[in-house]
Amino acid sequence: METSRNYDLFVTHAWRFHEDWTKFTELMDKVPGILWRNFSLPWHDPAISPNTEAGGRFIRSSLESQIIPAHVVVLLAGVYEIRSARLWVDMEVEMAKKHHKPIIGMPPINKESIPDGLLALCDASSTWEATRLIAVIDEVRSSPKYPSKPSGG
């Protein structure tokens, strides 16, 4: 009996559903033989202003609580291309590094590469091809640089 492999992922976002984020979740949902949990939630209460001290603290805390349980952080270059999203994505990358989470870069949809400056933040990169993506996730999860043991696979 084949067992499913489990993946807990945080996918970079900027508090709204973005085409790349949606495509990534659809891609993962279609991969046979895996179970995955999406720890990124691109939503926040609009009554909470990130521009206030309390609101910013709340949102940073929320982001960090999403990143901590993840095995891997997926950095979507397409989200980073949105100028207003950079603050959030930079914060997500900073938190991933703080909590020793491997970062996998993904190019924008319909592009082949990730800008060099963004690629420098990543431990690995992948294409939008599911088999390649899963292989890269497995590779970074098993790296001695990231000693936490993956669950279920």
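## Helix 1 and helix 6

The axes of helix 1 (19–29) and helix 6 (130–141) come within 10 Å and cross at roughly 90°; axes are lines fitted to C-alpha atoms, for helices over the stretch in contact, with angles from 0 to 180 degrees between N-to-C directions. The two helices are therefore roughly perpendicular (65 to 115 degrees). Phe24, Leu27 and Met28 of helix 1 make the contact (heavy atoms within 4.5 Å) with Ala130, Leu133, Ile134 and Ile137 of helix 6.

This is a predicted model: local features need pLDDT of at least 70, side-chain atom pairs count only at pLDDT 80 or more, and totals for chains, interfaces and linings use all residues. Residues are numbered from 1 along each chain as its sequence is written, and side-chain values use heavy atoms, leaving out hydrogens and water.

## Faces of helix 6

Leu133, Ile134, Val136, Ile137, Val140 and Arg141 are the buried residues of helix 6, buried meaning under 20% relative accessible area (1.4 Å probe, protein chains only). Seen down the helix axis, they fall within an arc of 160°, so they line one face; the arc is taken from the directions from the axis to the C-beta atoms. On the other side, Thr131 and Glu139 are exposed, that is, over 50%.

Among the elements covering the buried residues are strand 1 (5–11), helix 1 and strand 3 (72–76).

## Pro107

Pro107 sits in the loop between strand 4 and helix 5 (116–119). Its relative accessibility is 3%, so Pro107 counts as buried. Beyond neighbours within four places in sequence, Pro107 has contacts including Asp20, Ala77, Ser126 and Trp128.

Technical notes
Helix = DSSP H or I, 4+ residues; strand = E, 2+ residues; numbered from the N terminus. Expected span 1.5 Å × (residues − 1). Parallel < 35°, antiparallel > 145°, perpendicular 65-115°, else oblique.
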